[in-house]
Amino acid sequence: MMFETLIRTIPDYPKPGIQFRDITTLLQDRQGFAAAIDALGQHYQGQVFDKVVAMEARGFIIGAALAVKLGAGFVPARKPGKLPWATIAQPYQLEYGSDALEVHQDAIQSGERILLVDDLIATGGTALAAVALVRQLGGVVEQAAFVIDLPALGGMQQLAAARVEGFALCQFAGH
Ligand code: AMP
């Protein structure tokens with residue numbers, strides 16, 4: 001399946017110069033959504049993950065479906081102040097702005113094998129923040145899955161430098 005044909009591009013959203021890659025058009029397509037989860041599941045077939053850690057908010061949609069497919073638990077990495085229990089936090093830079101991610105302190109046990117999931121990787125700042133959170137809790141994170149990679153922004157190389165192998169279903173040129 002050509003996943004990029006099911007993804008809508010919105011120029012200058014949320015800021016001038018950003019080409020927003022909108023996965024809602026993929027999600028609303030019953031074959032497309034299922035094919036995306038199947039393709040990610042196939043990629044990780046035979047590998048055992050205790051948990052999927054997915055980033056708010058679009059990562060939750062892909063990550064939750066993939067966790068069920070892989071027989072893994074699901075851990076949300078959320079924006080500050082959203083989780084109700086004790087958390088650890090990690091700030092990061094976005095392609096457009098800065099933010100932080102939090103996970104519950106008891107979300108991951110030492111030695112658990114973690115798959116990171118988000119809709120898109122751009123600079124890799126979000127993914128690296130999630131890697132830092134997982135490692136702070138003693139989790140082992142060597143793989144990260146995305147629907148979209150923007151290779152011009154170098155996020156996959158940043159992940160590789162952190163010893164995490166990234167995989168994406170499709171790529172878009174430019175920013
Ligand atoms: P980054 O931290 O630079 O890798 O940015 C990735 C995060 O920001 C993901 O959670 C994406 O959902 C979001 N994001 C960044 N750039 C875009 C874009 N061009 N279109 C859609 N989402 C984006």
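**A close look at D149**

Modeller: Setting aside residues up to four places away in sequence, D149 touches I121, M156, A168, C170, Q171 and F172, where contact means heavy atoms within 4.5 Å. Keep in mind that this is a predicted model, in which local features need pLDDT of at least 70 and side-chain atom pairs count only at pLDDT 80 or more, while totals for chains, interfaces and linings use all residues. Residues are numbered from 1 along each chain as its sequence is written, and side-chain values use heavy atoms, with hydrogens and water left out.

D149 sits in strand β8; strands (E, at least two residues) and helices (H or I, at least four) are DSSP runs numbered from the N terminus. D149 is buried yet has no salt bridge, and R21, the nearest side chain of opposite charge, is 11 Å away. Here buried means under 20% relative accessible area, exposed over 50%, and partly exposed in between (1.4 Å probe, protein chains only). As for charge, Lys and Arg count as positive and Asp and Glu as negative, while His and the chain ends are not counted. A salt bridge puts a side-chain nitrogen of Lys or Arg within 4 Å of a carboxyl oxygen of Asp or Glu.

Let's follow the chain into the loop between β8 and α5, where we find A152. A152 counts as exposed because its relative accessibility is 53%. Apart from its neighbours within four places in sequence, A152 is in contact with G174 and H175.

E142 forms one with R113, and their closest N and O atoms are 3.6 Å apart. This pair links distant parts of the chain, with E142 in strand β8 and R113 in strand β7, 29 residues apart. E142 is partly exposed because its relative accessibility is 40%, and R113 is partly exposed too, at 29%.

By the salt-bridge rule the count comes to seven. Another of them joins E112 and K51 (2.7 Å, N to O). E112 lies in the loop between β6 and β7 and K51 in strand β3, 61 residues apart, which makes this another link between distant parts of the chain. E112 is buried, with a relative accessible area of 16%, and K51 is buried, also with 16%.

Helix α4 (residues 125-136) has twelve residues and reaches 16 Å from its first C-alpha to its last, close to the 16 Å expected at 1.5 Å a residue; the expected span is 1.5 Å times one less than the number of residues. In α4 the buried residues are G125, T126, A127, A129, A130, V131, L133 and V134. The buried residues of α4 pack against β3 (51-55), β5 (87-94), β6 (97-104), β7 (113-121), β8 (140-149) and α5 (155-161). After α4 comes G138, whose phi is positive, near 90 degrees.
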